[in-house]
Amino acid sequence: MNVIIHRGQNQIGGNIIEVTAENTRILLDVGLELDQKEVTLPEIDGLFDNPSFDAVFISHYHGDHLGLAYYIDNRIPLYIGEASYRIVKAADDYKGLESITPSGFLRHLQPIVVGNITVTPFLCDHSAFDSYMLLCEADGEKILYTGDFRSNGRKSFDRLLGALPDKVDKLICEGTTLSRKTQLPLKESDLEEQAVIEFRRATGPIFVLQSSTNIDRIVTMYRAAKRSGRVFLQEVYMADVTSAIGGRIPNPSFDDVYAFLTDPQRHDALVKYRRMGKERMAKTPFVMCVRSSMLRYLKGLAKLMSFEGGLLVYSMWSGYQQQPAMSRFIAECEEMGLKVVSLHTSGHADPDTIRALIEKVQPTEIIPIHTENAGWFAEESK
Ligand SMILES: [Zn+2]
Ligand SMILES: [Zn+2]
C-alpha cells in the first residue's frame, strides 16, 4: 500500500491521507484547516469532480477531520461512526445546513472491504464522541491511522491497546501535544472531582464554557452538577446534540436537565424539550452550559438574580481565549461578579500514551501527523 499525506503532516488539523493498493484508492479524513477563514479546496484529483476515490473514511466529527466532506463528489461512498453522524446531523439541522450523507457506519472491530483494502475501525477516546482509529490492510500489509486519541478519558486505553495488532508496517500517528507545554493530563474522572469541589464551594450561579459536541465533558459537568445539588441547563443547540445520541448522555429527558433558549426566534425548537425560563432559574441552583455568543442572555439573567459567589468555568483549550469574542465574554462575566476558574483536560495523547501505542503496535515506519513537532518521533526511535 502507498500512503500520501495530502495535508496535516506539519500542522495541527486539516488531515487528508490517501491510501492506495493496486486499483483501490481511499482517503482517511478530509479535514478543513483550523483557523481557515474561507474554504479553499485543495487540488486532489478525483475528489471534488470526476470521482476516482473508492471511499472516504472519517475518524471523527471535528471539522479538521470532517470539514471537506461537505464539498466532495457525493458519488464517493463516505463512512463515519453512527453516533458521530447523529451529532453532525443535529448540529447541521440546528444551523440550517445541508448535512453529509454517509453510505455506511463505522463500528468497533467490524471490517469494511473496499476493493483491495480492508478497513477496520477501533473505537478510541477523544474529545469527540464515537472516534475511531482506522486499520487498513491489503496484501498482508497493515497501516494504522490513529485519528485523534487520548488515554485520559473514561474509555479504557488498555482495552484498546489489547485489541490493536501486535505489529503494523506503518503507523500514521497524531502528535498534537508534542509542541505544547506538557503536563500530565488529568483524567476526565479527576476533572469531575475538581469540578465537584468548586461547585460545592460556589454560592452563586455556575456557568460552564465548553464545546456543545464534547460529550465526555458534558457528562463530567453534569455529574459534578448532580453531586453538588444543582440542575443542569443546556441551550437548545446542545440539547439537540445530546438528544440525538440520547441513552445515558445527559439530555433534557433527564429529571435534572432542562433546556433553555437564547434566541426567541427559535421558539419552535423548545416545544421538543422541558424548559426552564429565567424567572425559575433565578430561584434554582444550576450549572448552565454557555457559549461566548450568549453574553446578552447572561446580562438579562443578571437583572433577575445576583451573580455574586458564582463561577464562570472555562473548560476548553486555553488557546481559544485569544479569540476576541471569547476574551470579551470572559471579561464581561468577571465584571458581572463571576469568578473565572479553569477546569479542563486535553483530548489528545500525551507523550507517554504515544509511547505505549508505539510499544504495542511495533511499527516498521512512523508517519507523524497533526503535529508541529514531527521530529519528536524521529528522536524517540533513535
Ligand atoms: Zn484534529
Ligand atoms: Zn479531534
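The model shown is predicted; local features require pLDDT of at least 70, side-chain atom pairs count only at pLDDT 80 or more, and totals for chains, interfaces and linings use all residues. Residues are numbered from 1 along each chain as its sequence is written, chains are lettered from A and ligands numbered from 1 in the order in which they are written, and side-chain values use heavy atoms, without hydrogens and water. Helices (H or I, at least four residues) and strands (E, at least two) are DSSP runs, numbered from the N terminus. Asn251 has a relative accessible area of 5% and is therefore buried; the term buried means under 20% relative accessible area, exposed means over 50%, and partly exposed lies in between (1.4 Å probe, protein chains only). Apart from its neighbours within four places in sequence, Asn251 is in contact with Gln234, Thr242, Ser243, Gly246 and Val257, where contact means heavy atoms within 4.5 Å. Phe232 is 19 residues from Asn251 in sequence, and their C-alpha atoms are 9.1 Å apart in space.

**Helix α6 (residues 236-245) and its cover.** Of the 10 residues in this helix, 8 are buried, so that α6 is mostly covered. The buried residues are Val236, Tyr237, Met238, Ala239, Asp240, Val241, Thr242 and Ile245. Among the elements that cover them are the helices α2 (82-95), α5 (215-227) and α7 (267-270). Strands β13 (231-235), β14 (257-260) and β15 (286-290) also take part in this cover.

**The site of the zinc ion (ligand 1).** Four residues coordinate this ion at 2.1 to 2.2 Å: Asp64 (OD), His65 (NE2), Asp148 (OD) and His370 (NE2). Donors are N, O and S atoms within 2.8 Å of the metal (3.2 Å for Na, K and Ca); water is not among the atoms, so sites may look incomplete. The angles among the 4 donor atoms run from 82 to 170°, and the site is irregular. Four donors count as tetrahedral if all angles lie between 85 and 135 degrees; four count as square planar and six as octahedral if opposite donors are over 155 degrees apart and all others between 65 and 115; anything else is irregular. Along the chain, the donors have the spacing D-H-x82-D-x221-H. Asp148, in the loop between β10 (141-145) and α3 (157-163), and His370, in the loop between β18 (365-369) and α12 (375-380), are 222 residues apart, and the pair links distant parts of the chain. Asp148 is buried at 2% relative accessible area, and His370 is buried at 1%.

**The site of the zinc ion (ligand 2).** The donors of this ion are His60 (NE2), His62 (ND1), His126 (NE2) and Asp148 (OD), at 2.1 to 2.4 Å. This site is likewise irregular, with angles of 90 to 166° among its 4 donor atoms. The spacing of the donors along the chain is H-x1-H-x63-H-x21-D. Asp148 coordinates both zinc ions, ligand 1 and ligand 2, which are 3.4 Å apart. His60 is buried, with 0% relative accessibility.

Ser59 is buried, with a relative accessible area of 1%. Beyond its neighbours within four places in sequence, the residues in contact with Ser59 include His65, Asp130, Tyr145 and Gly147.

**The salt bridge between Arg150 and Asp125.** A salt bridge is a side-chain nitrogen of Lys or Arg within 4 Å of a carboxyl oxygen of Asp or Glu; by this rule the count comes to 24. The closest N and O atoms of Arg150 and Asp125 are 2.8 Å apart. This pair links distant parts of the chain, for Arg150 is in the loop between β10 and α3 and Asp125 is in the loop between β8 (117-124) and β9 (131-138), 25 residues apart. Both Arg150 and Asp125 are buried. They belong to a network of salt bridges that also links Lys155, Glu188, Asp216 and Arg217.

**The salt bridge between Lys226 and Asp256.** The N to O distance in this salt bridge is 2.9 Å. Lys226 lies in helix α5 and Asp256 in the loop between α6 and β14, 30 residues apart. Lys226 is partly exposed at 48% relative accessibility, whereas Asp256 is buried at 14%.
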